[in-house]
Amino acid sequence: MFSIATESLDVNLLRLSLDDSRAGAYVSFEGWVRDHNEGRAVTRLEYEAHQSLAVSEAERILLEAKDRFGLIAFRCIHRVGTLAIGELAVWVGVTAAHRAEAFEGCRYIIDEIKARLPIWKKEHYADGSSQWVNCQSCSSPQHQLAAASGSGTP
Amino acid sequence: MTEAPKKQVEIQYFAVLKEQSGIPGETIQTSAQTLRQLYVQLKEKHKFGLPLESLRVAVDDQFRSWDDLVEDRSKVVLIPPVAGG
C-alpha cells in the first residue's frame, strides 16, 4: 500500500500493479525534484524519513481516501536519500470506477502525505548552502552563529 | 516530598534536530514527568531552536500528546516540521 524506496522508481511497473477490471479511471501523481524553490537555485534534495511512523500514517491516509472516495486500488511510494534534479520523489496512483473519485482521491492522498508524514527534505543550493524545508525558524541564535561562521554542514 | 524516580528514555532525532544535537539519538535518565517537560530539558541541553508548538512527538511508534507521561524504557521520537512530497 505504501512504501519508502531508496532506489529510483519504475512508474510503468507501479501503474501495472493497480490493474483491475472494475476500474474505469486511473489517476497518478508524480512529484519531481525541480531546480528552484522560492527564488533560489536548487542543485539536489536529501530526504529522510521515520520508516515505521511514516508507513503507519500513510496507510491511515490511504484507507481514509478509500473510504471517502470509494477507491478500488491505491498505492504510494516515497523516495529517501539524495535525489538529483528531475528525479521522481513521490508517486501516488489510484483507481476508481469513475474519473471524479479517482482525481479527488489522488489529490487527497498527496496533500495529506505532504502534511502528515514524518518525512523531511533538505534543499541544497547552487551557492553551497542548504536548508531543511519548512524549518526557516528552526535555529536558535547559537546555531545560526555556527552556520554563519562556516562550521555548519558542508 | 521525595524526588520522583528517574526514567530511562531512548530519544531519536531526525533532520534539523539531528544536525543541531550532532547525534541520531541517545538514551538518557530523566526526571521529566511529561513529554512536554522532557522536550524542555532536551531543548536546553542541545540548544534546539524549535519551539515545542512546531514539533510533534511519538512514543513507541504512536503519535502522542505533549501532556502524556514519560514512561520508563520508552522510545521517544521528536518530529520537526515535516516536508514530504
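I began with the overall size of chain B. A compact globule of 85 residues would have a radius of gyration near 12 Å, and chain B, with 13 Å, agrees. The radius is taken over C-alpha atoms, and the globule rule is 2.2 Å times the number of residues to the power 0.38. The C-alpha trace of chain B spans about 50 × 25 × 20 Å along its principal axes.

I noted the ground rules next. The model is predicted, so local features need pLDDT of at least 70 and side-chain atom pairs pLDDT 80 or more, while totals for chains, interfaces and linings use all residues. Residues are numbered from 1 along each chain as its sequence is written, chains are lettered from A and ligands numbered from 1 in the order in which they are written, and side-chain values use heavy atoms, without hydrogens and water.

**Chain B**

I looked up the elements. Chain B has two helices and five strands, in the order β-α-β-α-β-β-β from the N terminus. Both are DSSP runs numbered from the N terminus: helices are H or I with at least four residues, strands E with at least two.

I then traced the sheet. It is open, with five strands in the order β2-β1-β5-β3-β4 and mixed pairing. Strands pair if DSSP finds at least two bridges between them. The twist averages 35° from one strand to the next. Angles run from 0 to 180 degrees between N-to-C directions, with axes fitted to C-alpha atoms, for helices over the stretch in contact.

Strand β1 (7-12) of chain B pairs with β2(B) in the antiparallel sense over six bridges. Gln12(B) has Gly25(B) in β2(B) as its bridge partner. Helix α2 (35-46) of chain B lies across β1, β2, β3, β4 and β5 of chain B, at about 115° to β2(B).

**Chain A**

I found an open sheet of four strands here, ordered β1-β5-β7-β2, with mixed pairing. Its edge strands are β1 (2-5) and β2 (25-32) of chain A. The twist averages 10° from one strand to the next. Helix α2 (51-69) of chain A packs on this sheet, touching β1 and β5 of chain A, and its direction makes about 140° with that of β1(A). Contact means heavy atoms within 4.5 Å. Helix α3 (99-116) of chain A touches β1, β2, β5 and β7 of chain A, at about 145° to β7(A).

I also followed β4(A). It forms a hairpin with β3(A), with two residues between them, and Glu38(A) in the turn has a positive phi of about 45°. β4(A) pairs antiparallel with β8(A) over seven bridges, and with β6 (81-84) of chain A over four.

**Second largest pocket**

A pocket is an open set of points on a 1 Å grid over the protein atoms alone, where a 1.4 Å probe fits, with protein on both sides within 12 Å along at least five of seven lines; lining residues have an atom within 4 Å of a point. Of the 20 lining residues, the closest to the centre are Trp32(A), Arg34(A), Lys114(A), Lys121(A) and Gly85(B).
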